[in-house]
Amino acid sequence: MTSPNTPDIRTGPDNDTVLTVLRLAQRAPSVHNTQPWHWTFDGIRLHLHTDPDRMLPATDPHGRQQVISCGAVLHHARTAFAAHGWHTDTTRMPDPHRPNYLAAIEFRPWPNPPAGVATRAEMIARRRTDRLPLLPPQGWNGLLHSLRKLASPHETTLDVLDKSTRARLAGLSAQAAAARKHDDMYQMELHWWAGHSGVPEGVPRSALVSDAEFARVDVGRVFPSAPHSVRRAELTDQAEVVALGSTGESVPHWLHTGEALSAILLECTTAGLATCAVTHVTELAAGRRAIADLLPHHAVPQAVIRIGTAPSDEPELPPTPRRPLADVLTIRRP
Ligand SMILES: Cc1cc2nc3c(=O)[nH]c(=O)nc-3n(C[C@H](O)[C@H](O)[C@H](O)COP(=O)(O)O)c2cc1C
């Protein structure tokens, strides 16, 4: 007989726990908030697949960012299971013949997960993408060491693109935006996914910035602009910019990058910092080559992240919407 709070060693988490955890994991960041994942729970194991209907053929033709997004939801789910007392043994790419089948998770009771897990799980609901200009990140030097340590188990490097490379990076950001400006398919996708309200996906108007605000951020994707406003009027962006890199270019590399991205974003949120993933610069081959040249080890750049401090006197940014769990989870009988 187990108490209500003691995980059942025979069966793994019950359906209610799976629902609670995956509802929280839905808060994971994803490219254009596409939420391109699908979970199946068979009563014992949990399986993660990409959702092929949520590809962005013009923006992300190889599915790199789709898989990175799935890596982020995988790490969010594992963090939340740990906070509920479940260790997750994860097999990545369990069937090499099915590249959409990203992970299979088995469970073991984990009554005492490491310190910090509960806090990181709490941060899942607090994290937001902040596209406004930011102050420098407080406590940066100490934090940087932790961020690198969180990335390394995922075979992902984290390099700071320091002040000396900032002008070059801003130039690459502008070049990538210019290359996309007259790409009709890219623009169609962007306007399909961004700027709408009242739908459970995409980047809502409330998460976008006005032209006047965007003018003070030198490294950022051009989204449809929000109506005129001048939030953080005194600020020009002083965020640190880091690049996540892999040792190669494949689905497992992208999955690990997403897991590292999630770990980094949650750690930054725990430290009271604001973050914004920026990937238009790593979408096109020319941009990836140019960013690789800025990195010390010539890692394959996968994503760039702005990390800074939001002014403390502001209300929290509103959360972006998510699809209902029923749309992303199938529960099968064992
Ligand atoms: C792989 C990936 C790529 C992303 N690229 C960008 C980007 O280029 N610019 C940006 O402003 N946000 C980017 N984001 C952030 C998403 O737009 C954001 O996670 C999504 O809209 C949900 O909002 P939230 O993070 O506030 O929950 C990216 C996120 C992921 C996971």
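**Around the ligand**

Start by selecting the shell around the ligand: of its 21 residues, Pro29, Asn33, Thr129, Arg221 and Ala277 come nearest (near means a C-beta atom, placed from the backbone, within 6 Å). Next, colour α2 (64-83) and β7 (274-278), the elements that give two or more residues to this shell. Helices here are DSSP runs of H or I with at least four residues, strands are runs of E with at least two, and both are numbered from the N terminus. α2 has the largest share of the shell, four residues.

Before moving on, two notes on what you're looking at. This is a predicted model, where local features need pLDDT of at least 70 and side-chain atom pairs count only at pLDDT 80 or more, while totals for chains, interfaces and linings use all residues. Residue numbers run from 1 along each chain as its sequence is written.

**Two domains**

Now select 15-127 + 320-331 as domain 1 and 140-308 as domain 2; these bounds come from an automatic or database domain assignment. Where does the ligand lie relative to domain 1 and domain 2? It lies between them, because both give residues to its shell. Draw a line between the domain centres, taken over C-alpha atoms, and you'll get 21 Å.

**Where they touch**

Finally, show the contacts: 38 residues of domain 1 meet 33 residues of domain 2, counting C-beta atoms, placed from the backbone, within 7 Å. On the domain 1 side, α2 and α3 (117-126) each supply at least two residues. α2 turns up again here, giving the most to that side with twelve residues.

Conventions: Two residues are in contact if their C-beta atoms, placed from the backbone, lie within 7 Å.
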